[in-house]
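Welcome! Please open your viewer, switch to a cartoon display, and get ready to click along.

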Amino acid sequence: MTALVMGAGLPAVAAAADTVRFAHWVPTTHELHRGVEAWSRSVTEASKGTLDVQVFPAEQLGKVRDHYDMVASGIADLALVVPGYTPGRFPIVSVLELPFLVPGAAQAAAPFDTWYRPMAPLEMPAVTYCLGIVQEPGILHTRVPVARPDDVDGMKLRPGSALVGRLFASMGASAVSISAPEAREAAARGVIDAATLAYGTLVSFGLDKVLNHHLDLPLYSVPVLYLANTAWYQGLAGDAKAAVDAHCSTVWAVTQSTGWGNWERAGAKTLATLPGQVFTKPDEAERALWEATGAPFRAQWVVDANAKGIDGETALRDLEAAIAAAPPVPAD
């Protein structure tokens, strides 16, 4: 009773905002980090003070491979997740890894997010899907020049995903399963001879200092997802829920993919100014050889998608058509 009387004449104190933990794994120099920061600030503002989204970068809350389980278990409320780091677990979303499917991040962003959004609960029931962004196509970077698929025979390669690892294994390379943050040290120690990354990421992680030959051919992409802890999401209400729902959208998927894609392409321009960097552009016949290596992986994706209960051939055809119909990325 005394406390109530003492407080009766005091001004109301606004309730503290709920702290939201957003975990990711890239360094703060990476465009993905800047995208997460911008998204988080916008959510905080839109929530009218009910949410305070705090970003934990560079594997502060856990290793890159653990981010799906971290958000599923509630270690993080939100997380940036690369499904390709958990091989075989999410076969549907791995569609972006198929060779030559993605011409550019911005062009594929809306088609992919719209296509995958209704399938996410089927494949990822332990979490709540927020949005999916698309990596600018990955490039092969090596110690020695590469122009044809048989040039990688015998190489030790860090692939961008398990599917990409199998792709290069079919050419005679040995896939070494390490994350992008670990690749610089592995290359310096001779553990790997090659890696697949987009240009900006290569420079960001310092791999250009070790792998200075670049096959100028867009081989594959990867999806990077914003995922939410389901219990946390279902507990949202009012301004907090409205803010999160407005930001878990295809519009934001396009915004994030476009910003990341622009940054990756700028990395190619930076790389071209650095000493000792060699770019190899395959001719038409060589490109045809690379494209032929991807055909079996398309067929296998269809089989894996069918096993998940969807019509894989139709789903893949629909996504290809949607990407082809989307506006192309303007030339730099």
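**Stop 1: the whole chain.** Keep in mind that you are looking at a predicted model. Select everything and colour by secondary structure: the protein has 14 helices and 11 strands. Its radius of gyration is 22 Å, close to the 20 Å that the globule rule gives for 332 residues, so the protein is as compact as a globular protein of that length. Now turn the view along the principal axes, where the C-alpha trace spans about 85 × 45 × 35 Å.

Stop 2: How much of the protein counts as buried? Of the 332 residues, 52% do. If you display contacts, take those with a separation of 6 or more: 77% of them are accounted for by residues 24 or more positions apart.

**Stop 3: the charges.** Colour the charged side chains next. You will find 24 positive and 34 negative ones, and the centres of the two sets lie 3 Å apart.

**Stop 4: strand β4.** Select residues 127–134, which form strand β4. Is this strand mostly covered or uncovered? It is mostly covered, with 8 of its 8 residues buried.

Stop 5: To finish, zoom in on Thr128, which stands opposite Ala228 in β10.

Definitions and conventions
Residues are numbered from 1 along each chain as its sequence is written. This is a predicted model: local features need pLDDT of at least 70, side-chain atom pairs count only at pLDDT 80 or more; totals for chains, interfaces and linings use all residues. Side-chain values use heavy atoms; hydrogens and water are left out. Buried means under 20% relative accessible area, exposed over 50%, partly exposed in between (1.4 Å probe, protein chains only). Helices (H or I, at least four residues) and strands (E, at least two) are DSSP runs, numbered from the N terminus. Two strands pair if DSSP finds at least two bridges between them. The radius of gyration is taken over C-alpha atoms; the globule rule is 2.2 Å times the number of residues to the power 0.38. Contact means heavy atoms within 4.5 Å. Lys and Arg count as positive and Asp and Glu as negative; His and the chain ends are not counted. The place of a charge is taken as NZ of Lys, CZ of Arg, CG of Asp or CD of Glu.
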